[in-house]
Amino acid sequence: MGRRVAIVGVGQTYHKSHRPDVTSREMIREAVTAALADAELTIRDIDAIVIGNMDHFESINYVDTYSVEGSGGVMKPIMKVSTGGTTGATVAIAAYYHVASGLFDRVLAIGFEKNSESDTTGAIITCSDAIWDRFSYSGAIPSLATEATAYMEKYGATQEDAAIIGERDRNNALNNPFAHLRRPLTVADIMASPMLAYPIKLGDICPRSDGACACVLAADGVAQKIARKPAWFKAAAVRHTYTWFGDSTDYNKGLVSMQRASKDAYQQAGITKPAEEIDVAELYLPYTWAGLKWIEDIGFCGPGEGVRFVRDGNTHMGGKIPVNPSGGVISTNCIGATAMLRVAEAAIQVMGRGGKRQVPDVKNALATGFGGCFWSDVVILSTERP
Amino acid sequence: MAEWLKDVEPLTLKGRIAVPYSWWVGDTGSRFLMSLRDDRKILGTKCPSCGTVFVPPRKNCGRCFVDIEEWVEVAAEGVIEAHTIVHYAYPVQPVKPPFAYALIKLDGTDVGFLHLIKKDLDKIKNGLRVKAKFKEERTGSILDIDSFELI
């Protein structure tokens, strides 16, 4: 058993389609400065740093080195972790491991991306197997669209059902001053948007954003002195299935990596009834259909019950388990930071610092990361020291 | 010959990934490049904490981790701190060989400035003074300085 660990400070940039005023390194510093200010610490208090982004997105392969002026990593232990879409969550989990190990008391976790600097799809296809999958099924949209059609076929879900997720998250983003897209989007808007790959329309899919996020993690005994209300790690789980698209998802079984990661996380946290015991969730939903299907895989409702669960308002603000008070990935997607934003926003909810997007009386918050060939990270944070 | 090669032809799949990038230079770097382009002047920034003058300019000091606001014009000449003379050709190199890569400490700065020396390659030595030669047609690039030349 490792040491208990909590998030004691979070920082993020104001996310935008492009940031001509700063380089990646300078943008990273904005998030780091905000996180340190939130924790009322200085860079001198930080013992180690974990940083990550998407390989090939800015053509900077050694961001741990490249970023030191911005991350504060000059002459400190710093390493890069990059796992595709899950990167931000994996970086947070790696920072958690750092502190839990007992070797470091205060660790900074950083995720960032400047999508505006490259061709997202051109870069993202390098996640898939060069020989077998890359040139036939690449980029985020086709594989997700295939998952969606399988779900529609099996459970009779409609495009309007999925569009509710987009409307919900984009509406939530109005409460988040940091969100990239802060204009409401209705079900009708989404239905009228151009078809990309059936059934995914432009309004169903996440944007490309520039932005960065940083979290300060601290060890038991240290965390309580830094934060009035630390967000304690109750669970952290990482699951990868296969890298072959055809193997990685049995569409009738669901998103297996998310199911397994969730199950592991609930066991770690001692949670038996997720929908009752989790108070808010920040889910990496890169497209609207994920908001129906993956909540089944996470266990908020049973298989095939996603549409009913969402239509009954359970996942809206004020519902049983609000999903994505921040506006989620549909509203902001600086990819290497995206999964960390889920963890950071979950921490914000636990710490009670959400302002207009705060869900009342949060005890347990769940965050997910999703990436590449259908793999998953799950983190559960809590007001309760485990 | 390896045994398996008798029965199996070792195939490869040909691929090429060409990802176009446009890196935002940012407000600090853009101001530096504009000054090269428009005024033939080299600008640096000075850390308010340790006093280091950086060129190219930095928005913050990595070591002190403080914002940098102060701009200083630095000399277009300085001293060769270290160099190498390149004899092989490669597509990423900015000019054809032979040429020298040199770290030049411009007067009034505290860090080396990486640039090229194209002439008098048989005469250059560390410690010698060099001066920037600007291109006539400038585009807002570090290569608006054509190269450095011995004084």
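These legends describe close-up views of a predicted model.

**View 1. The two domains of chain A and the boundary between them.** Chain A falls into domain 1 (5-120 + 210-226) and domain 2 (128-208 + 233-382). Between the C-alpha centres of domain 1 and domain 2 of chain A there are 23 Å. Across the boundary, 36 residues of domain 1 of chain A meet 32 residues of domain 2 of chain A. On the domain 1 side, two or more residues each come from strand S1 (5-12), helix H4 (87-100), strand S4 (106-114) and strand S7 (210-219) of chain A. Of these, H4(A) gives the most, eight residues. Sorted by class, this side of domain 1 of chain A holds 17 nonpolar, 16 polar and three charged residues.

**View 2. The largest nonpolar core.** This core has 137 residues. The members with the most contacts inside the core are A:Ala109, A:Ile110, A:Cys215, A:Met340, A:Ala347 and A:Val379. Helix H16 (residues 335-351) of chain A is the biggest contributor, with 12 residues. Both domain 1 (5-120 + 210-226) and domain 2 (128-208 + 233-382) of chain A supply at least three residues each to this core. In soluble globular proteins, nonpolar side chains tend to be buried together.

**View 3. Surroundings of A:Ile110.** Leaving aside residues up to four places away in sequence, A:Ile110 touches A:Ile28, A:Ala31, A:Val32, A:Ile49, A:Ile51, A:Ser71, A:Val91, A:Ala212 and A:Ala214. A:Ile110 is also one of the residues with the most contacts inside the largest nonpolar core. A second core, of 17 residues, is separate and includes B:Ile42, B:Val74, B:Ile80 and B:Leu106.

**View 4. Helix H7 of chain A and what covers it.** Most of H7(A) is covered, with 11 of its 14 residues buried. Among the buried residues are A:Asp161, A:Glu167, A:Arg168, A:Asp169 and A:Arg170. Others buried in H7(A) include A:Ala162, A:Ala163, A:Ile164 and A:Ile165. The cover over the buried residues of H7(A) includes helix H8 (187-192), helix H13 (290-297), helix H14 (306-311) and helix H15 (328-331) of chain A.

**View 5. Helix H1 of chain A and the residue after it.** The 16 residues of helix H1 (residues 24-39) of chain A reach 23 Å from first C-alpha to last, close to the 22 Å expected at 1.5 Å a residue. H1(A) is mostly covered, 13 of its 16 residues being buried. Just after H1(A), A:Glu40 has a positive phi of about 55 degrees.

**View 6. An open sheet in chain B.** Three strands of chain B make up this open sheet, in the order S2-S1-S5, with antiparallel pairing. Strand S2 (53-54) and strand S5 (70-74) of chain B are the edge strands, each pairing on one side only. Strand S1 (residues 42-46) of chain B pairs with S5(B) over five bridges in the antiparallel sense. Here B:Leu43 stands opposite B:Glu73 in S5(B).

**View 7. The contact between chain B and chain A.** Chain B contributes 18 residues to this contact and chain A contributes 22 residues. On the chain B side, the largest share is three residues, from helix H1 (residues 26-39) of chain B. The side of chain B that touches chain A has eight nonpolar, six polar and four charged residues.

Definitions and conventions
Residues are numbered from 1 along each chain as its sequence is written. Chains are lettered from A and ligands numbered from 1 in the order in which they are written. This is a predicted model: local features need pLDDT of at least 70, side-chain atom pairs count only at pLDDT 80 or more; totals for chains, interfaces and linings use all residues. A nonpolar core is a set of buried Ala, Val, Leu, Ile, Met, Phe, Trp, Tyr and Cys residues joined through C-beta atoms within 7 Å. A residue is buried if 20 or more other C-beta atoms lie within 10 Å of its own, exposed if 12 or fewer, and partly exposed in between; C-beta atoms are placed from the backbone. Helices (H or I, at least four residues) and strands (E, at least two) are DSSP runs, numbered from the N terminus. Domain bounds come from an automatic or database domain assignment. Two residues are in contact if their C-beta atoms, placed from the backbone, lie within 7 Å. Ala, Val, Leu, Ile, Met, Phe, Trp, Tyr, Cys and Pro count as nonpolar, Asp, Glu, Lys and Arg as charged, and the others, Gly among them, as polar. Two strands pair if DSSP finds at least two bridges between them. The expected span of a helix is 1.5 Å times one less than its number of residues.
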